[in-house]
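Here's a friendly walk through a protein model for someone meeting it for the first time. Take a look at the sequence and the fold, then read on.

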Amino acid sequence: MSSLVDEVPSVLNVLSRMGVSLGFGEADIAQVCARSGLNADTFVLICRVYSDPAFSPSCSDLEGVEVRDVVKYLRASHSYYLDVAFERLSSEIRALMAPCGEALRKVVQRFLQGYEDELRKHFQFEENEVLPYVEKLLHEGVGDDVRIDDFEDMQDDVEEKIDDLKNLVMKSLPAECEAEPRSRLLVFIYSLQADLARHSTIEDCILVPAVRRIEGQSSASVRRRRESQELSEREKEILVSVAKGMINKEIADQYGISVYTVISHRKNITRKTGIKSVPGLTVYALLNGLVDVKSFE
């Protein structure tokens with residue numbers, strides 16, 4: 001793990017956001033992840049995004065992804081951006097603008113407030129809509145009415161919004177703003193922009209395809225559950241016989257099966273329909289077109 005940090009110092013962000021404490025000695029990545037309750041494949045995949053901005057996970061890379069760990073990383077990232085990074089931006093810009101006139105300070109402050117509002121809107125949407133959907137999918141499974149792709153068009157490229165702020169600080173602030181603090185601020189803005197880009201890559205290239213995979217499995221599971229609740233052709237035949245008032249022995253004789261098989265089918269019919277009484281099953285058969293109402297006249 002220490003060799004990884006030496007090679008890619010930016011993964012320190014991943015460590016802190018995934019709850020990995022420093023002081024891991026000579027432990028390897030798998031050992032450190034195990035101590036922290038993390039899936040090592042997921043941790044490495046996120047680190048690869050940090051080590052190579054152009055990295056795009058393959059289908060095989062995504063097979064071992066633990067979506068819960070990706071959600072953990074994203075939630076911690078949101079907290080960092082809103083509670084730490086933006087506070088630092090605001091503080092440093094206020095200090096940088098101190099020598100400037102009040103009117104100019106107010107203009108820049110309004111711009112900064114607008115940027116903060118956009119940032120909060122984006123991350124609150126993720127916190128309140130996208131991630132709860134993912135967590136519900138993980139815990140309960142969902143039907144086909146909501147998909148992760150339904151959220152895609154509502155997302156913003158939030159990392160692009162920092163471009164205006166960067167250009168404002170670099171090109172437009174007056175000479176009264178000291179060069180050294182301005183340079184320090186720009187270094188931080190460039191770093192934040194790179195981090196936001198990685199955040200988007202992790203969402204778009206890891207979270208979304210991993211959730212699509214789970215949605216596919218969930219949809220298949222839902223279909224299987226629905227199919228398991230549907231009456232088989234033999235169960236429909238026996239239900240019709242029950243609706244016509246036939247007893248188990250008569251039904252067994254009609255279909256050349258044992259009475260015990262008839263009883264087993266009737267239990268399945270009750271389990272699937274939730275109906276126990278003969279009158280109730282008769283109404284069910286009528287409503288589902290299994291018997292003709294004229295046969296009861």
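Let's start at one helix contact: Leu239, Val242 and Ala243 in H10 meet Val278, Leu281, Thr282, Tyr284 and Ala285 in H13. Sorted by class, the residues of this contact between H10 and H13 come out as seven nonpolar, one polar and no charged. Keep in mind that what you're looking at is a predicted model.

**The whole chain**

Stepping back, the chain has 13 helices and zero strands. Walk along it from the N terminus and the elements read α-α-α-α-α-α-α-α-α-α-α-α-α. There are 297 residues in the chain, and 39% of them are buried. Take the contacts between residues at least 6 apart in sequence: 70% of these join residues at least 24 apart.

**Helices that pack together**

Two packed helices are described by the angle between their axes and the distance between the axes.

| Helix pair | Angle between axes | Axis distance |
|---|---|---|
| H10 and H11 | about 135° | 10 Å apart |
| H10 and H13 | roughly 120° | within 9 Å |
| H6 and H7 | roughly 170° | within 10 Å |

The contact of H6 with H7 involves 19 nonpolar, four polar and nine charged residues. H10 and H13, on the other hand, are oblique to each other, and their crossing is left-handed.

H10 covers residues 233-243 and H11 covers residues 248-255. H10 is oblique to H11, and the crossing of these two is right-handed. On the H10 side, the contact uses Arg234, Glu237, Ile238, Ser241 and Val242, while H11 brings Ile251, Gln254 and Tyr255. By class, the residues where H10 meets H11 are four nonpolar, two polar and two charged.

Which residues of H10 are buried? They are Glu235, Ile238, Leu239, Val240, Ser241, Val242 and Ala243. The buried residues of H10 pack against H11, helix H12 (259-273) and helix H13 (278-287). Just after H10 comes glycine 245, with a positive phi of about 90°.

Lysine 249 has a relative accessible area of 45%, so it counts as partly exposed. The C-alpha of lysine 249 is 5.8 Å from that of valine 259, and the two residues are 10 apart in sequence.

In soluble globular proteins, nonpolar side chains tend to be buried together. In this model, the largest nonpolar core has 43 residues, and the members touching the most other members are Val14, Phe43, Val67, Val134, Ile202, Ile206 and Leu207. Several helices each supply at least two residues of this core: helix H1 (2-7), H2, helix H3 (29-36), helix H4 (40-51), helix H6 (67-97), helix H7 (102-139) and helix H9 (179-229). Apart from this core lies another, of 25 residues, with Ile93, Leu96, Cys177 and Ile189 among them.

Leaving out residues up to four places away in sequence, valine 14 touches Phe43, Ile46, Cys47, Tyr50 and Tyr73.

Valine 134 belongs to helix H7. Buried or exposed? Valine 134 has a relative accessible area of 1%, so it is buried. Beyond residues up to four places away in sequence, valine 134 touches Val67, Val71, Ile148, Leu207 and Val211. Valine 134 and arginine 68 are 66 residues apart along the chain, yet their C-alpha atoms are separated by 8.8 Å.

**A buried arginine**

Let's finish with arginine 17, which sits in helix H2 (residues 12-17). Its relative accessibility is 6%, and buried means under 20%, so arginine 17 counts as buried. Which residues does arginine 17 touch, not counting those up to four places away in sequence? The list is Tyr50, Lys72, Tyr73, Ala76, Ser77, Tyr80, Tyr81 and Asp195. Two of these names, Tyr50 and Tyr73, also turned up as contacts of valine 14.

Definitions and conventions
Residues are numbered from 1 along each chain as its sequence is written. This is a predicted model: local features need pLDDT of at least 70, side-chain atom pairs count only at pLDDT 80 or more; totals for chains, interfaces and linings use all residues. Side-chain values use heavy atoms; hydrogens and water are left out. Axes are lines fitted to C-alpha atoms, for helices over the stretch in contact, and angles run from 0 to 180 degrees between N-to-C directions. Helices (H or I, at least four residues) and strands (E, at least two) are DSSP runs, numbered from the N terminus. Angles under 35 degrees count as roughly parallel, over 145 as roughly antiparallel, 65 to 115 as roughly perpendicular and the rest as oblique. A crossing is left-handed if the near helix is turned anticlockwise from the far one by less than a right angle, and right-handed if clockwise. Contact means heavy atoms within 4.5 Å. Ala, Val, Leu, Ile, Met, Phe, Trp, Tyr, Cys and Pro count as nonpolar, Asp, Glu, Lys and Arg as charged, and the others, Gly among them, as polar. Buried means under 20% relative accessible area, exposed over 50%, partly exposed in between (1.4 Å probe, protein chains only). A nonpolar core is a set of buried Ala, Val, Leu, Ile, Met, Phe, Trp, Tyr and Cys residues joined through side-chain atoms within 4.5 Å.
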